[in-house]
2 protein chains.
Amino acid sequence: MTTEPAEPYGPTPRTKPTRSPERARYDRPTVHAILDSAYLCHLGYLREGAPVVLPTLYARRGETLYVHGSTGSRPLRSARQGPGLAVCLTVTHVDGLVLARSAFHHSINYRSVVVQGTARQVTDEDERRTALDAIVNQVVAGRAADSRPANAKELAATAVLRLDLDEVSAKLRTGGPNDEPEDLALPYWSGVVPVRQTYGTPEPAADLAPSIPLPEYLSR
Amino acid sequence: MTTEPAEPYGPTPRTKPTRSPERARYDRPTVHAILDSAYLCHLGYLREGAPVVLPTLYARRGETLYVHGSTGSRPLRSARQGPGLAVCLTVTHVDGLVLARSAFHHSINYRSVVVQGTARQVTDEDERRTALDAIVNQVVAGRAADSRPANAKELAATAVLRLDLDEVSAKLRTGGPNDEPEDLALPYWSGVVPVRQTYGTPEPAADLAPSIPLPEYLSR
């Protein structure tokens, strides 16, 4: 896992010619699959010329990502004005800890997507509502329809930004450790510890009426 | 979870006067605990004036964070020159999905740390070795001593950056949904779905000698 540049979304999948199991991918199915199986991104933008990276929720619809926030927050105020807000939106899944015989070849298995571009405020009311529903559904599929929709006051307090999937790349590492041939006989355990995000038993709110059952979409 | 500015590390803990369960924290024990229970960060910096956010491994030692990468990678080349590289390093744990009766109050429980500052290349050989060991140990405590240390060629190919914990803040949300009083009687399930990162059974490398047992530090 190293710090390498993102490349533009291209129609032709390209693969880095390397023996490393770390690969860049540009095809849409890979990019979409990584984005669709997460809900948290890290959003980077500039504040007074310096980079800022904050965790936030997002949703994908087609070739567009949406994020939301308070209308009073600084980046969202910036996106409303002028040419929009230059951002980088990154999503990362950790799939495994890769323990090689050598310290140097330690790594992690992961899947990440990096999207660069200009975020613009969404002003169309239908698109705003659709985007906000999508953000709720990205966290729990089916939840938006089973909650109270935003009212006028809530909608007025919420800014929605859109970022098109133009300049985007996926990067992933899979498989076992990549040890040097001369290290294979060393007496160190080598392999992968699988990592995943798991969900515990849903905990009802303290003030939830006992008559309300756990919804179907949470029984996963 | 909204996009709010980070504030400088201060000697006095401050708490935002709000009924929201989302809180900013600046005390060292909170910051250290969040940093010490993760190993992946999202590192933001500028490339040709635009923000870039990439996932990378890190380690904390005292009031300093370390990241590493190939000496040929662009951000690491930049950090070597002139005044260093302006970065923002963010670490986020997701602890729960917060389902409120209203779409608007959906959120997630999380703990995050945002560090802003200037990353500088580490040139001292002892500090470089210590930092690289720390990055391995941040992923799996105790692993660095049970692997082959980097040789001269590997050390020469690896750049190490340090970022001091000066301008840093933690932000976290805990607890149940924050519904409006008038929404409490709505017929929607409300509560929290706990989320955590879990580790599967370690998978030995295909070429691992059967005589090498699973180390003690992986039997967690």
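A residue is called buried when its relative accessible area is under 20%, exposed when over 50%, and partly exposed in between (1.4 Å probe, protein chains only). The model is predicted, so local features need pLDDT of at least 70 and side-chain atom pairs count only at pLDDT 80 or more, while totals for chains, interfaces and linings use all residues. Residues are numbered from 1 along each chain as its sequence is written, chains are lettered from A in the order in which they are written, and side-chain values use heavy atoms, with hydrogens and water left out.

**Exercise 1.** Determine where Asp183(A) lies in chain A, whether Asp183(A) is buried or exposed, and which residues Asp183(A) is in contact with.

*Solution.* 
1. Helices (H or I, at least four residues) and strands (E, at least two) are DSSP runs numbered from the N terminus. Chain A holds four helices and 10 strands, in the order β-α-β-β-β-α-β-β-α-α-β-β-β-β.
2. Asp183(A) is found in the loop that joins strand 8 (167–173) to strand 9 (191–199).
3. With a relative accessible area of 4%, Asp183(A) is buried. Of the 220 residues in chain A, 56% are buried.
4. Contact means heavy atoms within 4.5 Å. Apart from neighbours within four places in sequence, Asp183(A) touches Arg101(A), Ser102(A) and Arg148(B).
5. A polar contact is a pair of N or O atoms within 3.5 Å; within protein, one must be able to donate a hydrogen and the other to accept it, and residues adjacent in sequence count only if both atoms are side-chain atoms. The side chains of Asp183(A) and Arg148(B) form such a pair at 2.7 Å.

**Exercise 2.** Describe how chain B is related to chain A, and through which surface the copies meet.

*Solution.* 
1. Copies are superposed by least squares on the C-alpha atoms of residues with pLDDT of at least 70 in both.
2. In chain B, the residue closest to the rotation axis is Gln197(B), at 2.2 Å (C-alpha).
3. The copies meet through the same surface, because 100% of the interface residues of chain B are also interface residues in chain A.

**Exercise 3.** State how many residues are in contact between the chains and how many salt bridges the interface holds.

*Solution.* 
1. In contact are 87 residues of chain B and 87 residues of chain A.
2. A salt bridge is a side-chain nitrogen of Lys or Arg within 4 Å of a carboxyl oxygen of Asp or Glu. Four are counted between chain B and chain A; Arg101(B) and Asp207(A) meet in a salt bridge at 3.2 Å, N to O.
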